[in-house]
2 protein chains.
Amino acid sequence: MSTTTPGARTRLSPAQRREQLLDLGVRLLADRSLDELSIDLLAEEAGISRGLLYHYFGNKVAFHEAVVRHAADDLIAQTAPPPGGEPLDRLLVSVAAYVDYVTANFEGYVSLVKGAAGGNETLRGIYEEVREVLSERIFTEQDLSGDAHGDLITDTPRNRLVVRGWSAMCEELVISWCTEPGDITRDDLLAIITQALPALIEGIPDTSATG
Amino acid sequence: MSTTTPGARTRLSPAQRREQLLDLGVRLLADRSLDELSIDLLAEEAGISRGLLYHYFGNKVAFHEAVVRHAADDLIAQTAPPPGGEPLDRLLVSVAAYVDYVTANFEGYVSLVKGAAGGNETLRGIYEEVREVLSERIFTEQDLSGDAHGDLITDTPRNRLVVRGWSAMCEELVISWCTEPGDITRDDLLAIITQALPALIEGIPDTSATG
């Protein structure tokens, strides 16, 4: 059942080869959990020896960490909001990329969330980092707030807490929807997630506002 | 360091004794995780033998399940909305009880969430049951919707998804706030959580509404 990547045996630099192996690792996470992603499986799929993989990654924990970091970098890159336009339109593009990423990499994504919540410190660290990057975008001028279009959200402690809650809501909604979409379409889901943020910010009076 | 419960040695029926042990188990979860709650510890705190505890609970897994079920029943009972009044006022009372419950039982609550998210099937089942009960309230006439005051929320697939997202947001907000309250007061937090629900329902146009 080996599905060796075309070109896996062509001459690559060690860095390129490592990158290629990480890409393969992330792809294998699309439909299996992190626990199911072994060095044996990667070796078989890549058509190379276990020994070489240990050479690249050291041990199973370091291998998992490298694959998850790679996946996290992919997620962050793919969900970058477009450079111009109205903040809410840009948020919608970013949210759509997030939903599509989770849909395409469902098992791996869920196993990251589970691992992070379940107390794996490495996974928790990477997970929190991703959350931090995604949340920061909401408050960063170059991204979704500021510029000629005006702030999407003022940076206050209250709003940071609300954005944190909104992030948890997004994650729950996407995972629930992937598991059991019912009559909700992808567009419905995108509308709910995107509109939820201004609805929360505008619908809850901010008594702590200082900014 | 034994803090034997007063009256633990008085004559009780087996059912009363079991209940009392479960109460003690839940209290011990206030400042320790489920992993740290051993039969040895409960035996020491209750001043009874390990053998007797095995008699009551069978094994460690069954013991943990019984304690968590007991804690879940407490949470459900304590967060019951008051019988009359405006839906939003009743929701506020219920949310306040939830926040106070999590604050008072923080370590145990977090370990339940972790255990459920981390793939412990028993904990996951109890956790989902609690969520289900709390969410159902939002849609049940006798509780927070319906009656002379009008529905808080119409029961549509879209609104069920939104309530699910709102629940995840509540959990995240309460856990974040307990961990690092910053300048946010308990009243701020209660206002955010309570007002978030109508803000979401009213602020997101429902294109799927059928009810």
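Visitor: Which residues lie nearest the centre of the largest cavity?

Guide: The largest cavity is lined by 29 residues, and those nearest its centre are Leu75(A), Tyr98(A), Tyr109(A), Val130(A) and Leu134(A). On a 1 Å grid over the protein atoms alone, a cavity is a set of points where a 1.4 Å probe fits but cannot get out, and lining residues have an atom within 4 Å of a point. This is a predicted model, in which local features need pLDDT of at least 70 and side-chain atom pairs count only at pLDDT 80 or more, while totals for chains, interfaces and linings use all residues. Residues are numbered from 1 along each chain as its sequence is written, chains are lettered from A and ligands numbered from 1 in the order in which they are written, and side-chain values use heavy atoms, with hydrogens and water left out.

Visitor: Which elements give two or more residues to that lining?

Guide: In chain A they are H4, helix H5 (87-104), H6, H7 and helix H8 (157-179), where helices are DSSP runs of H or I with at least four residues, numbered from the N terminus. H7(A) gives the most, with 7 residues.

Visitor: And what is the volume of the largest cavity?

Guide: Its volume is about 480 Å³, meaning the space filled by probe spheres set on the grid points, which are joined across faces, edges and corners.

Visitor: How does its lining divide by class?

Guide: The largest cavity has 20 nonpolar, 6 polar and 3 charged residues in its lining; here Ala, Val, Leu, Ile, Met, Phe, Trp, Tyr, Cys and Pro count as nonpolar, Asp, Glu, Lys and Arg as charged, and the others, Gly among them, as polar.

Visitor: How many cavities does the search find?

Guide: Over the whole structure there are 4 cavities of 30 Å³ or more. The second largest cavity has a volume of about 310 Å³, and among the residues closest to its centre are Trp166(B) and Cys170(B). The largest share of that lining, 7 residues, comes from H7(B).

Visitor: Switching to pockets, where does the largest share of the lining of the second largest pocket come from?

Guide: It comes from H6(A), with 5 residues, and a pocket, unlike a cavity, is an open set with protein on both sides within 12 Å along at least five of seven lines. The second largest pocket has 17 lining residues, with Leu34(A), Asp35(A), Ser111(A), Gly115(A) and Leu123(A) nearest its centre, and they divide into 4 nonpolar, 8 polar and 5 charged.
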